[in-house]
Amino acid sequence: MSAPPRWNPPSPEVVERIRRFTERRLSAEEFDAYVHAPMSEAERREILESVAWFKKRYPTPEARLAAARRAYKQWAQGIPRAHQSRKE
Amino acid sequence: MEPSRFEEGEFFAAITTSATRAILIGRRALIALGFPLLTRDYDFWIHGDDIAAFNKAVAIFELFPSRSPDEARSAGRYFLENDEKVDVLVARVVFTVDRVRVAFDDVWARRRMIEVSRGIEVAIPSLDDFILTKRFVARPKDAEDIRMLETLRSQEPK
């Protein structure tokens, strides 16, 4: 069996572009269109199941907060930052 | 650079012990409620008269404010930072993207408490107020969070 393909992190420029896109402020109309977009039963179920899983895996708020800190730390280590590319 | 001596339980304990009127908002509060999300920051909405007390409480973690209390009151927000980041909203009133007026005093009066460490509780907004706070900045990720909160709310007993 061949090894799974290696994950290559996106370039810092791509990360920055995505960050700017997701952090942009929407108008009231755009925001409401987003919030009130129809939700499929599958999406609703996925939200509830992910919450149920997280609460079962980490039964207390303290455990959930600690798990999220660990996960963020791990995630951030794999994401290049803009200043890194300028230096490199 | 050496990492700061930050410990989350102690951080919340310091805020609780200081008796500042501080409400944990944003994604960190959503995580405590049960949403598996990632975030870097801590977001608080505090009473404008409690800025100095809040800063003093977290100073032991070498978190330094970006503005003086007077400047922060005038700007409505500031942050504290080292390798951790704490965004602090201090405005008495904030308007949502569709101009709904949200007052700190009202959100504080309706707050819920959540135990974030043994014997340490912090204030979070009620679900309805949480949704309003997510309409302050109105980014796509805030809309996503509202959809999740609405789904959770639909499960609550009437």
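The contact, meaning heavy atoms within 4.5 Å, draws 40 residues from chain B and 35 residues from chain A. This is a predicted model, in which local features need pLDDT of at least 70 and side-chain atom pairs count only at pLDDT 80 or more, while totals for chains, interfaces and linings use all residues. Residues are numbered from 1 along each chain as its sequence is written, chains are lettered from A in the order in which they are written, and side-chain values use heavy atoms, with hydrogens and water left out.

Between them, chain B and chain A bury about 3,100 Å², of which 62% lies on carbon and sulfur atoms; buried area is the accessible area (1.4 Å probe) that two parts lose on being put together, summed over both. Within chain B, the residues that lose the most area to chain A are Leu38(B), Pro140(B) and Arg147(B), which together make up 21% of what that side buries.

Five salt bridges (a side-chain nitrogen of Lys or Arg within 4 Å of a carboxyl oxygen of Asp or Glu) are found across the interface of chain B and chain A. In one salt bridge, Glu23(A) pairs with Arg139(B), and the closest N and O atoms are 3.4 Å apart. Helix H1 (8–18), helix H2 (26–33), S8 and helix H7 (140–155) of chain B each supply at least two residues of the side that touches chain A, where helices (H or I, at least four residues) and strands (E, at least two) are DSSP runs numbered from the N terminus. H7(B) gives the largest share of that side, 11 residues.

The second largest pocket holds about 160 Å³ of space. On a 1 Å grid over the protein atoms alone, a pocket is an open set of points where a 1.4 Å probe fits, with protein on both sides within 12 Å along at least five of seven lines, and lining residues have an atom within 4 Å of a point; a volume is the space filled by probe spheres set on the points, which are joined across faces, edges and corners. Its lining includes Leu48(A), Lys55(A), Arg112(B) and Glu156(B), and the largest share, four residues, comes from H3(A).
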